[in-house]
Amino acid sequence: MEAKVAPLRQRSAWKALEEHYQKLRNVHLSTLFSEDPRRGERFAAEAAGLYLDYSKHRITGETMRLLLGLAEEAGLRARIGAMFAGEQINVTERRAVLHVALRAPRGASIMAGGKNVVPEVHAVLDRMADFARRLRGGAWTGHTGKRIRNVINVGIGGSDLGPVMAYEALRHYSDRNLTVRFVSNVDGTDFAEATHGLDPAETLFIICSKTFTTLETMTNAQSARKWSLEALGDERAVAKHFVAVSTNAAEVAKFGIDSQNMFGFWDWVGGRYSMDSAIGLSTMIAVGPEHFRAMLDGFHAIDEHFRTTPLERNLPVIMGMLAIWYNDFFGAQTVGVFPYEQYLKRFPAYLQQLTMESNGKHVTLDGAAVDYQTGPIFWGEPGTNGQHSFYQLIHQGTKLIPCDFIAFCQALNPLGRHHDMLIANVIAQGEALAFGKTAEQVKAEGTPDWLVPHRVFEGNRPSTTILAGQLTPATLGKLVALYEHSVFTQGAIWGIDSFDQWGVELGKVLAQRIIPELESPAEPQLKHDSSTNGLIRRYREHRKKTG
């Protein structure tokens, strides 16, 4: 009979970390650095061109030994192996989790359900590449024969956040003759602004919905269809101005899209892990197939690093275990992610879904309630903008906020001293957060006594700095994979399912019930709570007044 695994907080490694935390909780980073002149070298790791400096964390060698011991005790290695082997680690949906297969090289073998899925992946990539080349080269034209100059991606969640982030991140590599826009929100303003000023005869819509029934996406898709046909006047135009990323061929055909222009993906690809699947078609059109494949190579490099590298030198494991350390022992509730690269302005928003939809869970894999904190809140903005808004709270506020700084040694747009100033700022922020400024230092600057408390920085605020050479398509793939596998690591320790998202469903179901209650010509019989009923009535009354 298989031995029952002890709950997380009852395990010896967890208890050892609790004891260690009590010894270390009040030790200042300035002390740790003064006691170890080579600390900055010892707590750093490098892989695939990414340099990870984690020396400015409130850790010692013993901390890392204990954290990695917890990872071993939680069976992290076995969990990694199970994912790459195609086991059904998404237990509530009984699915494999194989986003790693999306970027596996041609000829690799990754099994799911007894079948190597890599050939299918590359067959879709080849079709995507062929379509992208025809559109970029002008061979694919619209219904009137005009060249397609505008591409609008219609999706929501992972079908939007990934493509938007990737397009903005790789805009430097994009075809500037193409206008690429995105529609996700069911708010009509999103669609109106995305299509504003565009010629329907020159516009292609990519409708991204696995089931082709997603409420928000299909509402926007129908509005796009109407917008196109009002101008083009021929139902046959749909086939030249719409393509689909979906698995529902019947609904795609019913919409009017040629099934030859439907690009599929698989149930072992979660939405927030799908930007390198056919969901990335808009990205491939924007930057070209070669750059898209370079991005996939970057993903794969970190996949292999994560799969094969010992835990103590494994970048995603180090990041994931540090997240556990602050979330569960220091009680930090958020993580700040600050890319010092304007092209990565949507990267924090992308990470919000990746991290919080994955690890915002309250029960373990076997359905037991957790008695510890799981997924922290992720947020952030590009530097240096954030320095002039919320960094005040990070430096002198009462909340502990571990920070990830992301920077690049080489600028994509060199302009005078701009990049040196940018990098000086990111390095300085990590230094300031770690070491702060004491009352003695403030007084030595001639500060009046009454002002001294206001100018003291406590320091001891932890941060990671991720440094790479330049933001290329490959580098973007590496960064995304780094966070994907860090999220996986955290979920493995907490013993939760990082690959379902039942929390997304309830509000959507209730919305379907409320829509007819808002739109009904007759007064509906409302059976909600008094607040919900009151809001529905108030909205209906306003609609009556305004027509």
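Predicted model: local features only at pLDDT ≥ 70, side-chain atom pairs only at ≥ 80, totals over all residues.
A residue is called exposed when its relative accessible area is over 50%, buried when it is under 20%, and partly exposed in between. Arg-94 has a relative accessible area of 68%, so it counts as exposed. The residue is found in the loop between α5 (76–84) and β3 (111–112). Its backbone deserves a look too: Arg-94 has a positive phi of about 50°, although it is not a glycine. Most residues other than glycine have a negative phi, and most peptide bonds are trans.

Phe-212 is another non-glycine residue with a positive phi, here about 60°. Is Phe-212 buried or exposed? Its relative accessibility is 3%, so Phe-212 counts as buried. You will find Phe-212 in the loop between β7 (203–208) and α9. Thr-384 sits in the loop between β11 (377–379) and α16 (391–396).

Now let us visit the largest pocket, which holds about 1,000 Å³ of space. It is lined by 39 residues, and those closest to its centre are Thr-214, Gly-271, Gln-501, Glu-505 and Lys-508. By type, the lining divides into 14 nonpolar, 16 polar and 9 charged residues. Which helices supply at least two residues each? They include α7 (158–169), α9 (215–232), α15 (347–359) and α21 (505–519). Of the contributors, α21 gives the most, with 5 residues.

Next come the charged pairs. Side chains of opposite charge can pair when their charged atoms come close. In this model the count comes to 27 salt bridges. One of them joins Arg-133 and Glu-290, with 3.0 Å from N to O. This pair links distant parts of the chain, since Arg-133 belongs to helix α6 (residues 118–137) and Glu-290 to helix α13 (residues 289–308), 157 residues apart. Glu-290 has 52% relative accessibility and therefore counts as exposed, while Arg-133, at 45%, counts as partly exposed.

Glu-120 forms a salt bridge with Lys-115, and their closest N and O atoms are 2.3 Å apart. Here Glu-120 is partly exposed at 26% relative accessibility, and Lys-115 is partly exposed at 46%. Arg-95 forms a salt bridge with Glu-93, where the closest N and O atoms are 3.8 Å apart. Arg-95 has a relative accessible area of 29% and is partly exposed; Glu-93, at 22%, is partly exposed as well. Elsewhere, Arg-103, Asp-276, Asp-303 and Glu-484 are linked in a network of salt bridges.

Let us finish with helix α22 (residues 530–546). Its 17 residues should span 24 Å at 1.5 Å a residue, and the end C-alpha atoms are 24 Å apart, so the two values agree. Which residues of α22 are buried? They are Asn-533, Ile-536 and Arg-540. These residues cover an arc of only 65° around the axis, so they lie on the same side of α22. An α-helix has 3.6 residues a turn, so residues three or four places apart point the same way. The face of α22 turned away from the buried side carries the exposed residues Ser-530, Leu-535, Arg-538, His-542, Lys-545 and Thr-546.

Definitions and conventions
Residues numbered from 1 in each chain as written. Heavy atoms only, no water. 1 Å grid on protein atoms, 1.4 Å probe; cavity = no way out; pocket = protein on both sides within 12 Å on 5 of 7 lines; lining within 4 Å. Points joined across faces, edges and corners; volume = space filled by probe spheres on them. Helix = DSSP H or I, 4+ residues; strand = E, 2+ residues; numbered from the N terminus. Nonpolar A, V, L, I, M, F, W, Y, C, P; charged D, E, K, R; others polar. Salt bridge = Lys/Arg side-chain N within 4 Å of Asp/Glu carboxyl O. Buried < 20%, exposed > 50% of the residue type's maximum accessible area, 1.4 Å probe, protein only. Expected span 1.5 Å × (residues − 1). Arc of directions from axis to C-beta.
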